[in-house]
Every structure is written in structure tokens, then in C-alpha cells.
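Here is a short briefing on aromatic contacts and strand pairing. Please keep the structure open while reading.

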Amino acid sequence: MSLKNDAVAAPFIQVEEDENGVLKHIAFTNDENFNFAYDVVDKLAKKCPDKVAMIHISKEGKERSFTFYEMSRYSAKVANYLQYLGIRKGDRVMLVLKRHYQFWFAILALHKIGAVAIPATNLLLKSDFDYRFKTGNVDAILCTADGSVSREVDKAARSYRNLKVKIMVGASRKGWHSFNKEVKYFSSHFRRPRGEQAIHGDDPAIMFFTSGTTSYPKITTHNFKYPLGHYVTARYWHQVDPDGIHFAISDTGWGKALWGKLYGQWLCEAAIFTYDFDDFDAKEILRMIEKYRITTFCAPPTVYRVMVHLKLDQYDLSSLQNVTTAGEALNPEIFEKFKAKTGLTLMEGFGQTETTLTIANLAGTVPKPGSMGKPTPQYDVRIMLPDGTLADTEEEGEIVIRTEETIPDGLFVEYYGDEEKTDAAWHDGYYHTGDTAYCDADGYLWYVGRTDDVIKSSGYRIGPFEIENEIMKLPYVLECAVTSVPDPIRGQAIKASIVLANGAEASDKLKNEIMKSLKRNIASYKWPKILDFTKELPKTISGKIRRKEIRELDEEINENENENGNEVEHEEESNE
């Protein structure tokens, strides 16, 4: 059936639902020349010019509201400005703009020109920019004036001669154009390119650097059809209300921002909420939800792990209609605690920088705590064994997406400049995600871990997530990561790195208590040999735990240092 309510999406998307409103099928049409800036934002500016597109709160607390008409107008001004500075179709432009409202003007402007947007975090240092400039062949950068980011860019630019335009947002500095001072002089009318400059759906539009959980970040390239792939994200997973406000916790430097702060929400004609904070404060986020009557909310599991330790009954969360989570697997214990405290059911989802929402608990489905949900109709998802055959029910394997017959809008095009890595991940009619899971008898998928995170101990293949789930059930645990350490007998032994919640103190007594709990609930071959209490876990810019970094640090430690009280002694039990 065609879409009834989302008029701007109707020409490009057809969906089929069952009698309960559960999505059964989705197809994309007329997308050969699709451009989100023209075909969604500009059309909404004509259809409902006074409708709020975004409510923005600065870090100082200043509130701004932008309508779709204003988004269209400001993005046209910025497009004219960028063209004046020499930015053309196909140029690669890095956006290091935190949650500044200018990010939305800039990315839409780049879409209008046909240039390639490269979102990046403000946490990058010289070496990070060195790598990204050279591997991404970056032509220009729009950068926040906050902090030392621009100085780090300047250091990297000394050895990279292809950076032709530097623009600072929020202030000015020698050698940089001043966005705020200069953009106001340009026209708010921008004509859609025609002829040789016309923008096609298959042209590159977005390049994301991956999180780099198991290797140095790759560069994922998406085309102009990519935003259409987020219709499912917003309509059936976030379940946005066209008359409500969606709030996603995400920095514009990583792909999740475009999942929850732009494409799908505006395809569904819903407003977004953005709070440009520097330091995450769960209490302040809850106050924002209460004050602005947020209707749908999405955050990574880390946020909910903090929230369940707060007195949530002190906040009015009655406006919330649906809450979602993605970024890494959600522990069942957090699911249950959050529901007990708020009455809200967390709808988990799974996707990658290379994809849009791939597996999820969509509208009309009943989630199983700890499960990612079921494959969305947008992707043909399978579980594959190492020998290339498909797994049976309850059999662990790699999550793959079948592309033999069709490549859905939302799936990446390539790893930019790296044919070898592209071919290694995408071959024989399948895209290989590098994540492992198993499928139960009801069709729900359960996350196991990254293929590189799987621990091989005494002949067993052990996924870290099951052990982490058990540890997370303990009330004094805030976060944990399970990794492998070299072991002369087992090959690899299991280590659990644990962050304690406020008020809990590390001690041998606590280690013994944790081990007693694990011995009661998981098989002996999954017991950690080492428990390590730590103040924090290494994470990517997108909040994912970097188990690889923990492993690398452990490999540098002399084996004799394991005698300093971290090793947990216990008897081995045989598995029958």
C-alpha cells in the first residue's frame, strides 16, 4: 500500500502491513534522482512551512525553534556560500560541528550541491585528522570553534596540502573563514542542479568513519538513496509521532545522529529535539524529556544503564510513547529494571554504519528481553556458519545480508578507497557484518559478539555477551566487558573488566561474591579467570566498548603481574 500520512515519502516508498499494523514488506520507487534536501525538506517547506522541524537547546540553555521553511531557506543560503568558496559536486567536506544547529544547515546544503558530507567528532586529535584527511581525500572542513579542534586541524593540515577550504562555526580565527559572519550575505534561493551537474541517487552523499571496534576506522560510503532506508527506523522502530517530538542521544560526529536526528524523522514529518551538551548528565536529559514533553526517545544502552540507578519516579515521563536503544547489545537486566521503574518497554534494534536498521523490535511486535528482535523486511538477513552454510535454529553464526537479488536503499556502496576490504566484507551475494548471533525458534535474533570478540578457550567458542549479562544482573555493577587473555593451558582465558556503580567498593570479597553468582548461573567453561575492577571502559566515539583495546593492553602486561590479586581461583567443572 502507498503511504497515507507521510506525503513527502509517498512517491518513493510503498509499504505493506498486516491487520495489526506490523510491517510486512517495503519497496523503494522513483529513487533514481532522489535527494533528501530537495525532495523532503524543500517540499515540507511548501506543504507545511510553519511546522516545527527542530527544537534546539544550546549548552548555555538558549532555546531555538526552526520550521521546515527555515530549514529550507537556511540550507539554501549555506549552499550558495559553500559554492562561493569553491565547493562543488563530489567534493568531500568534513563536518565537525558537535550538536550545533548549523550542522543541519550544512549537511542539507551539501546535499543540494551534490558534495559528500563526512561527519566527524570534535574529540579528534592531530593524528586522527591526519588519517581521515589522507584516507578520505578531504577537500574542506566546517569546524566548531569550541575547544582546541581547529588547532588540531591546523596541525594536521601542515602535512596535508589538499584541504582547500576551512570554515569555523561560532567564532573566527586567522586562516579560517567565519561561517556566522559570512553566510548571512548569501541568497536564500538555490536552484536544483540540472544537466551535467544533476545529482543522481547512486552518487556518493555521505561518508562515515566506522567505530573502529576491531580495527582502525574504515570509511563507509553511502549514496543519495541512503536517507530513504531510514523510513523504517523512524516510522516502525522509533514510532515517531508527526505531532510529537523525537529525542535521540547522539553526537553529529557518528552515524546514529542521522538515524535519529534527521532523515527518517523528517520523512515521517516529525519534529526532532537537539540538546547541544558537552558532558552527558542523565538527570538533565530526564528534565528535558519532562519539560519539552518528548514523545519518542532513543539512546544507547549506556544511557539506560545510568538511568536505572536514578530515582526515575521523580520525573514526569508520561509524554513518552516509545523508547528505543541501539549501538550495542542491551542487557536483559537493564531492560527489566527500566520497565519496572517507568512502565516503558525498551525496543532494541541493531544496525551498523554500513546499514540502516537491520534487526529490531518493530511496532506491533512483542520484544524478548535481551533479543535484538527480528530482521526488518528491508533486509534479507541470514545467519551463516564459518564454512559458508546457513545456520540452523539456535546455532551461532555471522549475521549476513543477502544481496544476490536486490540491494536495498540504506546499504553502503563501498569502503572508500579500499577495494580489498570491500570485497572481504561483501562477496558471493552476501554482505558480512562481522557480528555473530543465533536465531531462536520464534525468529528472534540474539547477539553474541563481534567475530573478533569470540573467545576460544579449551576448545570452546564463547561469546562475551552472555557472561556480561550475568554480571550486569548484580545491583552494584554499572558496566562490564568480557575479553580474552593469553593462557598457556587454555589458549585463551576469560577476563571480566567491571565498572562499579556509585557506592560500591572493589574488594576481594566482592570478587568472590561475583564468582559465586556466576557459578550458579553459567557453565564452568564460561567462568572468568580474571576479574578486574576499573573506573571506566575504553569506548569508541559512538559509545561502544572497545574490547580490542582491552585485549591489546593485556597482551603487553607481563604474565607475572597476574599474581597481584586479579586472578580468581576456582575449581574446573567438567561439562557433561
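Is Phe-277 buried or exposed? Phe-277 is buried, with a relative accessible area of 8%. Buried means under 20% relative accessible area, exposed over 50%, and partly exposed in between (1.4 Å probe, protein chains only).

This is a predicted model, where local features need pLDDT of at least 70, side-chain atom pairs count only at pLDDT 80 or more, and totals for chains, interfaces and linings use all residues. Residues are numbered from 1 along each chain as its sequence is written, and side-chain values use heavy atoms, with hydrogens and water left out.

**Aromatic pairs**

- The structure holds 31 aromatic pairs. Rings of Phe, Tyr and Trp (its six-membered ring) pair if their centres lie within 6.5 Å; planes under 30 degrees apart count as stacked, over 60 as edge-to-face and the rest as tilted.
- Phe-66 and Phe-105 are edge-to-face, because their ring centres are 5.5 Å apart and their planes stand at 90 degrees.
- Phe-66 belongs to strand S4 (residues 63–67) and Phe-105 to helix H3 (residues 102–113), so this pair ties together parts that are 39 residues apart in sequence. Helices (H or I, at least four residues) and strands (E, at least two) are DSSP runs, numbered from the N terminus.
- Both Phe-66 and Phe-105 are buried.
- Tyr-275 and Phe-277 make a tilted pair, at 5.3 Å centre to centre and 50 degrees between the planes. Tyr-275 is buried too, with a relative accessible area of 12%.
- Ring pairs also join Phe-247, Phe-273, Tyr-292, Phe-297, Tyr-304 and Phe-338 into a cluster.

**Charges over rings**

- The charged end of Arg-73 sits over the Tyr-74 ring, 5.5 Å from its centre. The criterion is NZ of Lys or CZ of Arg within 6 Å of the ring centre and within 35 degrees of the ring normal.
- Lys-218 places its charged end over the ring of Tyr-415, 5.2 Å from the centre.

**Strands and sheet**

- S1 (residues 13–17) and S2 (residues 23–28) pair in the antiparallel sense over 5 bridges. Strands pair if DSSP finds at least two bridges between them.
- Glu-16 stands opposite His-25 in S2.
- An open sheet of 9 strands runs S4-S3-S13-S12-S14-S15-S16-S17-S18, with mixed pairing. S4 and S18 (374–375) stand at the edges with a single partner strand each, so one side of each has no neighbour in the sheet.
- S3 (residues 52–57) and S4 pair in the antiparallel sense over 5 bridges. Met-54 stands opposite Phe-66 in S4.
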